[in-house]
Amino acid sequence: MHHAIAQNPDMIIPAPAHISVSEGKYTYTDQPEVKVTYTKKITGKEAYELTVTPKGVRIKASTDAGVFYARQSLAQMTKGGTVKEIPCCTVKDEPRFPYRGLHVDVSRHFRSVEFLKKQMDAMARFKMNRMHLHLTDAAGWRLEIQAYPRLTSFAAWRPQHTWKQWWQGQRAYSEEGAPEAYGGYYTREDIRELVRYAAERHIEIIPEIEMPSHSEEVLAAYPELGCSGEPYKDSDFCVGNEETFVFLETVLAEVMEMFPSEYIHIGGDEAGKQHWKTCPKCQQRMKDEGIEDVDGLQSYMIHRIEKFVNSKGRRIIGWDEILDGGLAPGATVMSWRGTEGGIQAMSQGHDVIMSPGRYCYLDHTQDAPFREPESIGGYLPLDSVYVYEPVEASMPQDKLHHLLGVQANLWSEYVVSDSHAEYMYWPRAIAIAETGWSQPEDRDIEDFRRRVLPALEQMRSEGYNTFDLADEYGERKLAQTGLEHAAKGKKVTYNKPIQKWYPAAGETTFTDGIIGGWTYSDHRWQGFLSDIDVTIDLEEVQTISYIGGTFMQLKGPGVFMPQKVDILVSEDGENFELIRTVWNDIPTDAEELLFKDFSTICKKKARYVRYHAYRSTMRGFLFLDEVVVN
Ligand SMILES: [Zn+2]
């Protein structure tokens, strides 16, 4: 019997498997006295036992990693050696999952070696053990490759500082050393240093080299590797061209010289595959290999690359799109478009790392958008990260050992500076760390928040730019409480049908009293690529004094206010009287997330209310959460 939650007083994160606090305290003056014993009796590779008695501290483990994690727990208990008196206790601990990852996108914005080391220090503290480096993408190639110097003398640099300006501009690259050149790359020396630093912290760095897509920067430097053969035309490698494989295998061979990791991430996500359909070389390849479609061509490439990587004694990881056209035999899948891809791969006997966007994508804003720096959109507060449970009922129960763990991803399109990146990671990455380490019965959001606040305070005192959790604004207030009103629970007739993309709660959405939050993807907002036109039956004639609804605008993903809303009422459901047309006055080029009520006050006797929102001249989506009547 153990109760980590009850016994864990303000200290260990992630919550340990077993902890029992006993009578007495251990006090020390300089550093705590620690006795380490290696014993095979502790079987888990990362497991440890930590005992604090009035005389000192004893650590038992079978590996260096176990001892290391015991020391991390001790450091948390002593707040880095500043607290000179700690309660006597016994901690028996081991991780739930072997893979607890943090992803760093160094392509969109290059990150310094110092930044990566500093994040590794924090990862180690919270017992995370994989750093996934997204080294290559359209926005810049970040790794010295001796055989292909243009990757770093050209494709690592761009004229614009922010990704947004670059993306909205010509998407061109610069020569290294040019006055306008912004970017950077890691030299072999840098990588040697990073790998060494990581190993000391029991962290494995997993390099990612993108293929077949997200490769605009490569194809600008070496255009002969794209189907068109011209720079700035392709984002996918030409799979029909043998030179592509020479390039990828040469690059990967150098990557494997630099990184000793078990896994090499080969990307595989979001390939457009359009040019493959008309490229003579790709078509020839498909004919020669008996490949029926372009998904099969991607699968051919990944299979070949896997063989090469395996021949060097390593294994590949790819994003879940590598399932398309058939998975390579030993591939591990990183599931990001939800968890379905991961579950499918597990069912086929493949290892899986879960990183579903809905819980693990830290590029979404972590607090009320009006208080936060510009982000890619979405709203993912700490609590929503924490509630993620990787084991799902729909998973094959005999395949659960294939679920290797979880990873926090930070795509950095909108995350320009190192300190902004740090802000986005912490504390949300700590929630992922606990999800990866702790057993479900030891996880509790209230307890976690209580433990994480002092941990963040300590991080800030050490110079980390963390989010200020104590000052969190949180979800839209009405979204937290819901709303009582005269139309709640009343039947809604759709004069234009509900559309498939964002159905929310279907026909009850607009009268369920549930108000939408900061993001349209929270299943509370109903989305339309047409007008919204509904009629609500209040069941009896009554005096109505207010009719209204709230829309949101977020220009980036194409969410706009309606042009106008017609509000009509009727006593008999046949003859409607237009009582107000509410026009939009929000500019369509506003950059920020905006909400607007399209409402009217009135004094009308009616049983039926018709609410008709006209789609924006910008087209795009309309999102509405509730039609409120009083
Ligand atoms: Zn081609």
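Modeller: Start with E254. Its relative accessibility is 8%, so E254 counts as buried, since the cut-off for buried is under 20%. Keep in mind that this is a predicted model.

What does E254 pair with? It forms a salt bridge with R188, and the closest N and O atoms are 3.3 Å apart. This pair links distant parts of the chain. R188 sits in helix α6 (residues 188-200), while E254 sits in helix α8 (residues 242-258). The two are 66 residues apart. R188 has 16% relative accessibility, so R188 is buried as well. Side chains of opposite charge can pair when their charged atoms come close.

Stay in helix α6. E189 forms a salt bridge with R192, with closest N and O atoms 2.8 Å apart. Both E189 and R192 lie in α6, three residues apart, which is about one turn of the helix. R192 is exposed, at a relative accessible area of 51%.

Now move along the chain. D351 forms a salt bridge with R315, and here the closest N and O atoms are 3.4 Å apart. D351 is in the loop between α11 (340-347) and β16 (352-354), and R315 is in strand β14 (residues 315-319), so the pair ties together parts 36 residues apart in sequence. D351 is buried, at 14% relative accessibility. R315 is partly exposed, at 26%. Salt bridges can also share partners: K117, D121, E193, R196, E200 and R201 are joined that way into one network. In total, a search of the whole structure finds 43 salt bridges.

Next, the rings. The structure holds 40 aromatic pairs. One of them is W336 with Y361: the ring centres are 6.1 Å apart and the planes are at 10°, so the pair is stacked. W336 lies in the loop between β15 (332-335) and α11, and Y361 in the loop between α12 and α13, so this pair ties together parts 25 residues apart in sequence. W336 is buried at 18% relative accessibility. Y361 is buried too, at 6%.

The rings of Y494 and F510 have centres 5.9 Å apart and planes at 25°, so that pair is also stacked. Y494 belongs to strand β18 (residues 491-494) and F510 to the loop between β18 and β19 (526-528), so the parts it joins are 16 residues apart in sequence. F510 counts as buried, at 0% relative accessibility. Y494 is buried at 15%.

Charges meet rings as well. The charged end of K118 sits over the ring of Y464, 4.8 Å from its centre. K127 lies over the face of W437, at 5.6 Å from the ring centre.

Last, look at helix α14 (residues 418-425). Six of its eight residues are buried, so the helix is largely enclosed by the rest of the structure. The buried residues are H420, A421, E422, Y423, M424 and Y425. They pack against β6 (99-105), α3 (113-125), β17 (403-410) and α15 (428-437).

T365 is found between α12 (357-360) and α13 (382-386). It is buried, at 4% relative accessibility. Leaving aside neighbours within four places in sequence, its contacts include E372, Y379 and R428.

Definitions and conventions: Residues are numbered from 1 along each chain as its sequence is written. This is a predicted model: local features need pLDDT of at least 70, side-chain atom pairs count only at pLDDT 80 or more; totals for chains, interfaces and linings use all residues. Side-chain values use heavy atoms; hydrogens and water are left out. A salt bridge is a side-chain nitrogen of Lys or Arg within 4 Å of a carboxyl oxygen of Asp or Glu. Helices (H or I, at least four residues) and strands (E, at least two) are DSSP runs, numbered from the N terminus. Buried means under 20% relative accessible area, exposed over 50%, partly exposed in between (1.4 Å probe, protein chains only). Contact means heavy atoms within 4.5 Å. Rings of Phe, Tyr and Trp (its six-membered ring) pair if their centres lie within 6.5 Å; planes under 30 degrees apart count as stacked, over 60 as edge-to-face and the rest as tilted. A charge sits over a ring if NZ of Lys or CZ of Arg is within 6 Å of the ring centre and within 35 degrees of the ring normal.
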